[in-house]
Amino acid sequence: MRHRAPAHPTASTETHVVPAGVYWGLFAAWAVNDVEELLTMAPWSRSATPRLKARFPRVPETVWNRMEVTQPQVNAAIGLMALLIAAAAADGARTQGRSAFFRTVLTGFGIHGVTHLAQSAAYRGLTPGVVTSPTVVIPYSLWALSHLRRAGLPPASRTLGLALLPVATGTVHTLARRLTRTTK
């Protein structure tokens with residue numbers, strides 16, 4: 001019978017404390033990305049719509065009408081999303097990363113960074129949020145998820161994060177459109 005050497009602690013067996021930057025970093029990384037979106041989304045939507053209409057003539061006019069956003073709509077949508085991201089970050093801090101809500105939002109945020117890259121590739125040009133996605137969003141998300149894994153906290157389902165991303169985005173933009181609607 002072989003004698004077993006005592007097990008040495010490994011990253012998977014030692015207690016790993018999740019740094020506060022993991023939870024509060026979600027809000028910080030989101031803020032950096034959304035400053036870029038705040039500055040670029042409304043002007044980009046106005047200039048991109050004619051180009052996209054010409055490229056995709058079969059898309060219904062209602063789609064193009066919803067794509068164009070005003071600066072007040074962008075401001076409201078970003079403000080509403082700030083509430084969601086801040087709540088997720090606070091829940092992550094409260095639970096030291098154990099919150100399913102926090103981990104789902106974090107996973108969705110990372111996926112959101114990849115969708116910015118895909119949108120720019122499909123558009124064949126710059127789109128709002130694409131500059132900070134590879135420089136802030138994706139690196140932060142990978143870093144935060146690695147800390148959670150080391151603490152034995154698996155990431156949320158990528159499928160769930162991917163499914164909820166358009167729901168959250170669509171909801172804040174719909175609410176923003178309603179909040180900023182002017183009566184004539």
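Reply: One definition comes first: on a 1 Å grid over the protein atoms alone, a pocket is an open set of points where a 1.4 Å probe fits, with protein on both sides within 12 Å along at least five of seven lines, and lining residues have an atom within 4 Å of a point. By that rule, the second largest pocket is lined by Thr107, Gly110, Ile111, Val114, Ile138, Ser141, Leu142, Leu145, Arg149, Pro155, Ala156 and Arg158. The model is predicted: local features need pLDDT of at least 70 and side-chain atom pairs count only at pLDDT 80 or more, while totals for chains, interfaces and linings use all residues. Residues are numbered from 1 along each chain as its sequence is written, and side-chain values use heavy atoms, with hydrogens and water left out.

Me: What makes up the secondary structure of the protein?
Reply: Helices are DSSP runs of H or I with at least four residues, strands are runs of E with at least two, and both are numbered from the N terminus. The count comes to six helices and zero strands, in the order α-α-α-α-α-α from the N terminus on.

Me: How do you know that the span of helix 3 agrees with its number of residues?
Reply: The expected span is 1.5 Å times one less than the number of residues. Helix 3 (residues 71-95) has 25 residues and should therefore span 36 Å, and its end C-alpha atoms are 36 Å apart, so the two agree.

Me: What is noted about the phi of Gln96?
Reply: Most residues other than glycine have a negative phi. Gln96, although not a glycine, has a positive phi of about 55°.

Me: Why is Gln96 called partly exposed, and what is Arg124 called?
Reply: Buried means under 20% relative accessible area, exposed over 50%, and partly exposed in between (1.4 Å probe, protein chains only). Gln96 is at 48%, so the label is partly exposed. Arg124 has 63% and is therefore exposed. Of the 184 residues of the protein, 38% count as buried.

Me: How much space lies in the largest pocket, and what lines it?
Reply: A volume is the space filled by probe spheres set on the grid points, which are joined across faces, edges and corners. The largest pocket comes to about 1,300 Å³. Its lining has 47 residues, of which Met41, His116, Gln119, Thr169 and His173 lie nearest the centre. Helix 6 gives the most to this lining, with 12 residues.

Me: What classes of residue are found in that lining?
Reply: Ala, Val, Leu, Ile, Met, Phe, Trp, Tyr, Cys and Pro count as nonpolar, Asp, Glu, Lys and Arg as charged, and the others, Gly among them, as polar. The lining of the largest pocket has 27 nonpolar, 15 polar and five charged residues.

Me: And what are the figures for the second largest pocket?
Reply: The second largest pocket has a volume of about 200 Å³, and its lining has seven nonpolar, three polar and two charged residues. Helix 5 supplies the largest share, five residues. Leu142, one of the lining residues, lies in helix 5 (residues 132-150). Leu142 has a relative accessible area of 56%, so the label is exposed.

Me: Why is the pair of Phe27 and Trp30 called tilted?
Reply: Rings of Phe, Tyr and Trp (its six-membered ring) pair if their centres lie within 6.5 Å; planes under 30 degrees apart count as stacked, over 60 as edge-to-face and the rest as tilted. By this rule there are five aromatic pairs. The rings of Phe27 and Trp30 have centres 5.4 Å apart and planes at 35°, so the pair is tilted. Phe27 is partly exposed at 31% relative accessible area, whereas Trp30 is buried at 6%.

Me: Which label does the pair of Trp44 and Tyr123 get?
Reply: Trp44 and Tyr123 are edge-to-face, at 5.1 Å centre to centre and 70° between the planes. Trp44 lies in helix 1 and Tyr123 in helix 4, so the pair ties together parts that are 79 residues apart in sequence.

Me: What sits over the ring of Tyr123?
Reply: A charge sits over a ring if NZ of Lys or CZ of Arg is within 6 Å of the ring centre and within 35 degrees of the ring normal. The charged end of Arg51 sits over the ring of Tyr123, 4.0 Å from its centre. Tyr123 has a relative accessible area of 10% and is therefore buried.
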